[in-house]
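Here are a few friendly notes to read alongside the model. Take them one at a time, with the 3D view open.

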Amino acid sequence: MASAAEQLASNLNFSAFAKAEDLKKRIWFTLGALLVYRLGTYIPIPGIDPDAFAQAFQQQSRGVLGMFNMFAGGAVGRMAIFALGIMPYISASIIMQLMTSVVPALEQLKKEGEQGRKVINQYTRYGTVLLATVQAYGIAVGLEGGAGIVTDPGWFFQLSAVITLVGGTMFLMWLGEQITARGIGNGISLIIFAGIVAGLPSAITGTLELGRTGALSTGIILAIIALAVIVIAVIVFFERAQRRLLIQYPKRQVGNRMFQGDTSHLPLKLNTAGVIPPIFASSLLLLPATVAGFSTNTDMPAWASTILAALGHGQPIYMLLYAGLIMFFAFFYTAIVFNPKDTADQLKKHSGFIPGYRPGERTAEYIDYVLTRITLVGAIYLVLVCLLPEFLISATGVPFYLGGTSLLIVVSVTLDTVAQVQGHLIAHQYEGLIKKSKLRGGKRGR
C-alpha cells in the first residue's frame with residue numbers, strides 16, 4: 001500500500017503550489033539571493049586593469065583557471081570580488097570530513113548530534129578563512145607578476161586584494177547558509193549551479209556561431225545536442241538509483257500487548273560521492289599545465305615539455321589518468337562520508353538487523369561488501385559521463401561548459417532542488433489536512 005507521503009506527492013499540482021505562500025516566499029528569497037551573487041561577479045577588485053587581466057586570463061582559460069571560472073560564474077575571468085567563489089568553503093568542508101574520520105576528538109563531536117555539528121561547522125568556517133586567505137594572497141602576488149595588470153603594486157594592493165577576496169568568499173558562505181535556512185535549501189549547491197548556468201547561454205551561442213561560420217558541421221552540432229540529452233537521462237537515472245537493504249526489527253511487548261516486528265530499508269546510493277571525484281580529478285590534471293603557463297622560464301627541460309604535452313587536454317594519457325583519478329576519488333570520498341561500522345552499530349542500538357547476518361561486525365562486513373560493489377558501478381558511471389563529452393570536446397573544440405562535470409552538477413542540483421520543493425509542498429498539504437481535521441473535530445464536539 002502506498003504511503004501517505006507518496007499519495008500526497010502524486011497529487012502535487014499547480015493549485016497546491018499557488019496556495020503554498022511560504023514556499024513562494026522561499027523561492028523569491030532564493031532568486032533574490034542568487035541575483036545578488038550574480039551582480040557580485042561583475043564587480044572587479046580594486047587596483048587592477050581589467051583589459052590587461054582579460055588578455056592574461058585568455059592565455060590560461062583552458063587550464064584549471066577555466067574550470068574555476070566556470071564554478072565561479074565568470075568571476076575569475078573578470079577578477080571580481082567573488083573570484084574565489086565558494087570553493088574554499090567546499091575544500092574546508094571536505095578537509096573537516098576527512099579529519100572527523102582520523103581525529104578522535106572530532107569524531108566524538110560528530111556523534112554528539114546537533115551541538116557537535118555546530119562546533120564542526122564553526123571549525124569549517126575558520127578553515128575557510130584560512131584557505132581563502134592563502135589563496136587570495138597567492139592571487140594578489142600572481143597579479144603583481146603580470147605585465148600591467150596591477151596599477152599600483154605593493155603591500156597596500158596585496159592587503160586590499162586579500163581583504164576583498166576573503167570577504168567575498170565569506171559573504172557567499174553566509175549567503176549559501178541563508179538560502180538553506182530561508183530559501184529552498186541546498187544553498188551552496190545552488191550558488192555553484194547559478195554560476196555554471198550563467199555561462200551556458202554564451203557557450204551555446206559560441207557553438208552555434210562555430211556552426212554558422214562552418215567551423216562545425218550541422219551533423220556535429222546535432223550530435224552534441226543528442227549526446228547532451230542522453231547524458232542528462234543517464235545522470236538522472238543513476239543519481240536516483242540506490243540499493244535498498246532490508247532491515248527488520250523484532251517483536252516487542254509493551255505491558256500485556258505484543259507488537260508485531262517492523263521492517264524498513266537502508267538506502268545505499270549508487271553514487272555516494274556525488275560530483276566530488278570529477279572535480280578533484282580535473283583540478284589535479286589541469287594544475288601542472290596551469291603552473292607551467294604562469295612560469296616565466298623559457299628554458300623548460302625537454303622531459304617537462306614531454307610530460308606537459310602528454311597531460312594536455314584530450315590526450316590519451318590525460319584520459320587514462322582522468323578515469324583512474326575519478327575511480328580513486330569515488331572510493332576514497334565514499335569511505336569518508338559513509339562508515340559501515342557506524343551504521344551497523346546504530347542498527348544494533350535500535351535492535352534492527354539484516355536478515356541472515358548477525359548484528360555488529362557481520363552486518364558491517366555485509367554493508368561494506370554491498371557498498372563496494374555499487375560504488376564500483378557508480379565510479380564507472382562517473383567515468384563514462386565525464387569522458388564521453390571530453391572526447392567530443394577534444395575532437396571538435398566545443399566550449400568547456402558542455403563538459404560532463406558541468407552537466408553532472410547542473411542535473412544533480414536540479415534533482416535535489418525539485419525534491420526540496422516537493423518536500424515543502426507535501427508539508428504544506430499535511431498542514432492543510434491537519435487544520436481540516438481539527439475543524440471537523442471541533443464541529444463534531446459542538
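1. Let's begin with a term: a residue is called buried under 20% relative accessible area, exposed over 50%, and partly exposed in between. Keep in mind that you are looking at a predicted model. Phe328 has a relative accessible area of 49%, so Phe328 counts as partly exposed.

2. Now look at the partner of Phe328. Phe328 and Phe332 form a stacked aromatic pair, with 5.7 Å centre to centre and 15° between the planes. Both residues belong to helix α15 (residues 316–337), where they are four residues apart, about one turn of the helix. Phe332 is partly exposed too, at 35% relative accessibility.

3. How many aromatic pairs are there in the model? The count comes to 10. Trp155 and Phe156 make an edge-to-face pair, because their ring planes stand at 85°, with the centres 6.1 Å apart; the cut-off for edge-to-face is over 60 degrees. Both Trp155 and Phe156 are exposed.

4. Ring pairs can also join up into a group. Here they link Tyr37, Phe82, Phe171 and Trp174 into a cluster.

5. A ring can have a charged neighbour as well. Find Tyr42: the charged end of Arg78 sits over its ring, 3.9 Å from the centre.

6. Finally, is Thr363 buried or exposed? Thr363, found in helix α17 (residues 361–396), has a relative accessible area of 2%, so it is buried. Leaving aside residues up to four places away in sequence, Thr363 touches Ala344, Leu347, Ile354, Tyr357 and Arg358.

Note on methods
Residues numbered from 1 in each chain as written. Predicted model: local features only at pLDDT ≥ 70, side-chain atom pairs only at ≥ 80, totals over all residues. Heavy atoms only, no water. Phe/Tyr/Trp six-rings, centres within 6.5 Å; stacked < 30°, edge-to-face > 60°. Buried < 20%, exposed > 50% of the residue type's maximum accessible area, 1.4 Å probe, protein only. Helix = DSSP H or I, 4+ residues; strand = E, 2+ residues; numbered from the N terminus. Lys NZ or Arg CZ within 6 Å of the ring centre and 35° of its normal. Contact = heavy atoms within 4.5 Å.
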